[in-house]
Amino acid sequence: MPSASGRGPRIAVYSGTFDPLTLGHEDVVRRSAGLFDEVILAVAVAHHKKTRFTLQERMAMATEATSGLGRIRVLPFEGLIMDFCREHSASAVVRGIRNMTDFDYEAQMAAMNRKLHPGVETVFLLPEAELQCISSTLVREIAMLGGDVSGMVSASVAECLRPQPLQA
């Protein structure tokens, strides 16, 4: 679908480890889909982090959680996000920010990304107010300690976070 400018589809990339995908992430990707012709949810391989879920599990959770949204593709990525944007003809990177700490970090990353690929804009979106306190790290910790995360993640993600009974 060509954009209003006639230059082809407006593609945005929303990247992260999504370990796991939270309702805040879903809110950002849903609103991004209203702004762009296509949004690629780029699930990072994340060699630099110890993730709770494998890449395949994180991609499956993201695919399930975004299945009804349309205009969303879930793809793995590794390396520089600007290289991924170039490879997929993306014109924007979407970043969700919850607070000023996120903004400070993301603003620095946006400036560096602009140096690497000036043709890609960074768009900051705030999740709905009631979702701004949610982080994947806190969700993992709460779930690990047996807490209820049903108001923080989709039902399918909550099921994946449920502790598995020990096998005898």
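A: Within strand S3 (residues 72-77), Phe77 is the bridge partner of Ala44. Ala44 belongs to strand S2 (residues 38-44), the part examined here. The model is a predicted one, in which local features need pLDDT of at least 70 and side-chain atom pairs count only at pLDDT 80 or more, while totals for chains, interfaces and linings use all residues. Residues are numbered from 1 along each chain as its sequence is written, and side-chain values use heavy atoms, with hydrogens and water left out. Helices (H or I, at least four residues) and strands (E, at least two) are DSSP runs, numbered from the N terminus.

S2 pairs with S3 in the parallel sense over 6 bridges; two strands are said to pair if DSSP finds at least two bridges between them. Between S2 and S3 the chain passes through helix H2 (residues 55-66), and this β-α-β crossover is right-handed. The term means that, with the strands pointing away from the viewer, the path from the first strand over the helix to the second runs clockwise.

S2 also pairs with strand S1 (residues 11-16), again in the parallel sense and over 6 bridges. There, Val13 stands opposite Ile40 of S2. A right-handed β-α-β unit is formed by S1, helix H1 (residues 23-35) and S2.

How many of the residues of S2 are buried? The count is 7 of 7, and the strand is mostly covered. Buried means under 20% relative accessible area, exposed over 50%, and partly exposed in between (1.4 Å probe, protein chains only). Cover is found on both faces: Glu38, Ile40, Ala42 and Ala44 lie on one side, with Val39, Leu41 and Val43 on the other.

Tyr14, leaving aside its neighbours within four places in sequence, is in contact (heavy atoms within 4.5 Å) with several residues, among them Val39, Ile40, Leu41 and Ala42.
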